[in-house]
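I opened this one to look up side-chain contacts and sheet layout. My notes follow, in the order I took them.

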Amino acid sequence: LDSVGAEWHMPLEKNRGRLYIHAKHVRVETATGPECMRLELNARGPIKPEMGWTLEEGIKLGHDSIVLMFAAMTSKEAHAFWKRTD
């Protein structure tokens, strides 16, 4: 197997948008460089002031969703290495 990738899509809280997750095998710097996994997380959703969905609330919801999912997808050892605090 030369490479692998995966993609997930899931609704955000109260169906106010979607979280898109892309994971892909990559090599660092050169075609023969060290192998790693590139993880890309994007949150998208509408801004609807008439429903109370402001830009600021949307950015916070997207940010929180990305941070929580990234923490769930990474190991406790990685969190210790990064000195992650809850």
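**Charge over a ring**

I looked at the ring of tyrosine 20 and found the charged end of arginine 44 sitting over it, 4.8 Å from the ring centre. My cut-off for this: NZ of Lys or CZ of Arg within 6 Å of the ring centre and within 35 degrees of the ring normal.

A note on ground rules. This is a predicted model, numbered from 1 along each chain as its sequence is written, where local features need pLDDT of at least 70, side-chain atom pairs count only at pLDDT 80 or more, and totals for chains, interfaces and linings use all residues. Side-chain values use heavy atoms, with hydrogens and water left out.

**Salt bridges**

How many salt bridges does the structure hold? I get two, taking a side-chain nitrogen of Lys or Arg within 4 Å of a carboxyl oxygen of Asp or Glu.

One joins the side chains of arginine 27 and glutamate 35, at 3.6 Å from N to O. I checked exposure too (buried is under 20% relative accessible area, exposed over 50%, partly exposed in between; 1.4 Å probe, protein chains only). Glutamate 35 is exposed at 52%, while arginine 27 is partly exposed at 39%.

Another joins lysine 60 and aspartate 64, at 2.6 Å from N to O. Both sit in helix α1 (residues 55-73), and because they are four residues apart there, about one helical turn separates them. Lysine 60 comes out exposed at 53%; aspartate 64 is partly exposed at 29%. For the record, helices (H or I, at least four residues) and strands (E, at least two) are DSSP runs, numbered from the N terminus.

**The sheet**

In what order do the strands of the sheet run? I read β1-β2-β3, an open sheet of three strands with antiparallel pairing. β1 (5-11) and β3 (35-44) are the edge strands, each pairing on one side only. From one strand to the next the twist averages 15°. Axes here are lines fitted to C-alpha atoms, for helices over the stretch in contact, and angles run from 0 to 180 degrees between N-to-C directions.

Then I asked what α1 does relative to the sheet. It packs on the sheet and touches β1, β2 and β3, its direction making about 150° with that of β3. Contact means heavy atoms within 4.5 Å.

Next, pairing, which takes at least two DSSP bridges between two strands. β1 pairs with β2 (residues 18-27) over seven antiparallel bridges, and alanine 6 has alanine 23 in β2 as its bridge partner. β2 and β3 pair over 10 bridges, also in the antiparallel sense; there I found histidine 22 opposite glutamate 40 in β3. A reminder to myself: strands of a sheet pair through backbone hydrogen bonds, either parallel or antiparallel.

**Loops and positive phi**

β1 and β2 form a hairpin with six residues between them, and lysine 14 in the turn has a positive phi of about 55°. Asparagine 15 lies in the loop between β1 and β2, and its phi is near 55°, a positive value in a residue other than glycine. Asparagine 15 is exposed at 58%.

Where is glutamate 29 found? I located it in the loop between β2 and β3.
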